[in-house]
Amino acid sequence: MYWKECVLEELKNYQRLKFSVLRLTEKIQALDEKATAPKTARMDGMPAAKGKTMADWLVENLMERELLKARLAATERTLAMVDAGLELLPEEERQVLEVLYLDRRPLTADAAALRMHCDRSTVYRLRDRALTHYCVAAYGLVAPSGVEGADGQ
């Protein structure tokens with residue numbers, strides 16, 4: 001059942017990952033601007049801090065930008081996988097995952113049942129089927145038979 005926990009965690013983090021893309025992009029842009037901004041000499045007569053040269057600072061800036069770019073690429077790949085998996089789901093299954101996990105304010109099963117005009121057990125049945133179908137669509141994986149939610153539909 002570990003696969004289901006991983007998929008649920010991925011879906012629950014969807015909104016945070018989307019926000020993370022924006023923040024990482026902003027941080028990379030800020031570091032780019034810092035690296036290319038004109039540098040001036042200190043006019044107060046105080047010597048620069050010992051130990052850290054301009055070259056050191058530029059190398060650190062470059063390393064931080066590359067690390068952030070790698071994180072951004074990984075986050076974008078994860079979001080693309082989630083989006084691709086959701087696109088292949090039938091509307092009813094996608095809707096149940098959206099209201100339970102993807103919305104900014106996810107609903108309880110009871111509230112989702114009210115919104116979807118069904119009972120709570122139908123919401124759970126749809127969720128389990130949707131998680132299995134999502135996992136197959138996003139990763140090409142099928143849960144082993146006998147695993148909860150692996151109904152093969």
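**Legends to the close-up views**

**View 1. Overall fold of the predicted model.** From the N terminus on, the protein runs α-α-α-α-α-α, which amounts to 6 helices and 0 strands (DSSP runs, with at least four residues of H or I for a helix and at least two of E for a strand, numbered from the N terminus). This is a predicted model, in which local features need pLDDT of at least 70, side-chain atom pairs count only at pLDDT 80 or more, and totals for chains, interfaces and linings use all residues. Residues are numbered from 1 along each chain as its sequence is written, and side-chain values use heavy atoms, without hydrogens and water. Among the 153 residues, 31% are buried (under 20% relative accessible area, 1.4 Å probe, protein chains only).

**View 2. The largest nonpolar core.** This core contains 32 residues, and L11, V96, L97 and Y134 have the most contacts inside it. A nonpolar core is a set of buried Ala, Val, Leu, Ile, Met, Phe, Trp, Tyr and Cys residues joined through side-chain atoms within 4.5 Å. At least two of its residues come from each of α1 (2-12), α2 (14-36), α3 (54-87), α4 (91-102), α5 (109-116) and α6. Helix α6 gives the most, with 7 residues.

**View 3. Surroundings of V96.** Residues up to four places away in sequence aside, V96 touches M116, V123, L126, R127 and A130 (contact: heavy atoms within 4.5 Å).

**View 4. R127 in helix α6.** R127 lies in helix α6, residues 120-139. The residue is buried, at a relative accessible area of 16%. Beyond its neighbours within four places in sequence, R127 is in contact with V96, L97, L100 and Y101.

Technical notes
Buried means under 20% relative accessible area, exposed over 50%, partly exposed in between (1.4 Å probe, protein chains only).
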